Amino acid sequence: MTHLDEELLAQWALEGTDPDPDAADHLATCAECRAALSELRALSGELREVPELSTPSTAVWSGITTELGLDSPSTQQQTAAAQGRRYGRGMLALAAGVAVIAGIGIGLGAAQVLDRDDKTTQPVAVVQLEPLPGKSGGGTADLIQSGNELQVSVEGLDAGDGYFELWLINADGERMVSLGVLDPATGGTFRIPDNATAEGYRIVDVSLEPNDGNPAHSRDSVVRGTLPS
């Protein structure tokens, strides 16, 4: 299957725009592209919360250059620096978006799925993923030493015509964040958003998602476990 261009996905996420009709049709049938776009939108939202740097005044610039023994910067140079900061965050979001989708199987991954070369990192906690009532299967979710990654493996899961997605659900049972698409055959390593566990996102949830183009949780959870506090 031909997937959507990664730069277009990053642009839609960064600008908050909707895909064109042809792309929307593709997203409705392609779980990988849909998950990539969902992850990019979440990442773009987090990046928008990063504060912008203010432009130093002329007096500050003069003090810096005098202290370092440099020539005083021209107004043009100061303006260029300010523009670099202004556009830097947008380009960072775009570059980060492309990097994010580089690991989820469309030649681009998620959002966080990480390709780790370090095989020696030891987990600080191993969470058993147990089937919910009426479901079958199981697995484990290892919390990596750094505290911001999960190594997940599952067994006995069959997605049928859908796909599996990994979530962190808050202890309040209402808020949740997607960590990415989970391939039951290979498992994966997923990055946890900063401070998520400290804010109560401790329920590891694997859901069965239909190919309906809806990025929200299907409410069809298959296996779950809880990270230690």
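Colleague: How many disulfides does the structure hold?

Modeller: The model is a predicted one, and it holds zero disulfides. A disulfide requires two cysteine sulfur atoms within 2.5 Å. Cys-30 is in no disulfide, its nearest cysteine sulfur being that of Cys-33, 3.6 Å away. Cys-33 is likewise in no disulfide, with the sulfur of Cys-30 at 3.6 Å.

Colleague: Is Cys-30 buried or exposed?

Modeller: Cys-30 is buried, its relative accessible area being 3%. Cys-33 also counts as buried, at 0% relative accessibility.

Colleague: Which elements does the protein have, and how do they run from the N terminus on?

Modeller: There are five helices and eight strands. From the N terminus on, the order is α-α-α-α-α-β-β-β-β-β-β-β-β.

Colleague: How should I read the sheet, and what is the order of its strands?

Modeller: In general, the strands of a sheet pair through backbone hydrogen bonds, either parallel or antiparallel. In this model, eight strands form an open sheet in the order 5-4-7-8-1-2-3-6, and the pairing is antiparallel. Strand 5 and strand 6 (188-191) stand at the edges; each has a single partner strand, so one side of each lacks a neighbour in the sheet. From one strand to the next, the twist averages 25°.

Colleague: Let us look at strand 4. How many bridges join strand 4 to strand 7?

Modeller: Eight bridges join strand 4 to strand 7 (residues 201-209), and the two run antiparallel. Within this pairing, Phe-164 stands opposite Leu-208 of strand 7. Strand 4 is also joined to strand 5 (residues 176-182), by six bridges and again antiparallel. There, Glu-165 stands opposite Val-181.

Colleague: What do strand 4 and strand 5 form?

Modeller: They form a hairpin with five residues between the two strands. In the turn, Gly-173 has a positive phi of about 75°.

Colleague: Why is strand 4 described as largely enclosed by the rest of the structure?

Modeller: Residues count as buried when their relative accessible area is under 20%. Eight of the eight residues of strand 4 (residues 163-170) are buried, so the strand is largely enclosed by the rest of the structure. Tyr-163, Glu-165, Trp-167 and Ile-169 point one way, whereas Phe-164, Leu-166, Leu-168 and Asn-170 point the other way. Across the whole protein, 38% of the 229 residues count as buried.

Colleague: Which residues have the most contacts inside the largest nonpolar core?

Modeller: In soluble globular proteins, nonpolar side chains tend to be buried together. Here the largest nonpolar core has 23 residues, and those with the most contacts inside it are Leu-129, Leu-150, Val-152, Leu-168, Val-204 and Val-206. Among the elements giving two or more residues to this core are strand 1 (123-131), strand 2 (138-144), strand 3 (149-155) and strand 8 (221-226). Setting aside neighbours within four places in sequence, Leu-129 is in contact with residues including Ala-141, Val-152, Val-204, Val-206 and Val-223. A second, separate core of eleven residues includes Ala-13, Leu-27, Leu-37 and Leu-40.

Colleague: What does the accessible surface of the protein come to?

Modeller: The accessible surface comes to about 12600 Å², and 50% of that belongs to carbon and sulfur atoms.

Notes
Residues are numbered from 1 along each chain as its sequence is written. This is a predicted model: local features need pLDDT of at least 70, side-chain atom pairs count only at pLDDT 80 or more; totals for chains, interfaces and linings use all residues. Side-chain values use heavy atoms; hydrogens and water are left out. Buried means under 20% relative accessible area, exposed over 50%, partly exposed in between (1.4 Å probe, protein chains only). Helices (H or I, at least four residues) and strands (E, at least two) are DSSP runs, numbered from the N terminus. Two strands pair if DSSP finds at least two bridges between them. Accessible areas come from the Shrake-Rupley method with a 1.4 Å probe; for residues, only the protein chains shown count as cover. Axes are lines fitted to C-alpha atoms, for helices over the stretch in contact, and angles run from 0 to 180 degrees between N-to-C directions. A nonpolar core is a set of buried Ala, Val, Leu, Ile, Met, Phe, Trp, Tyr and Cys residues joined through side-chain atoms within 4.5 Å. Contact means heavy atoms within 4.5 Å.
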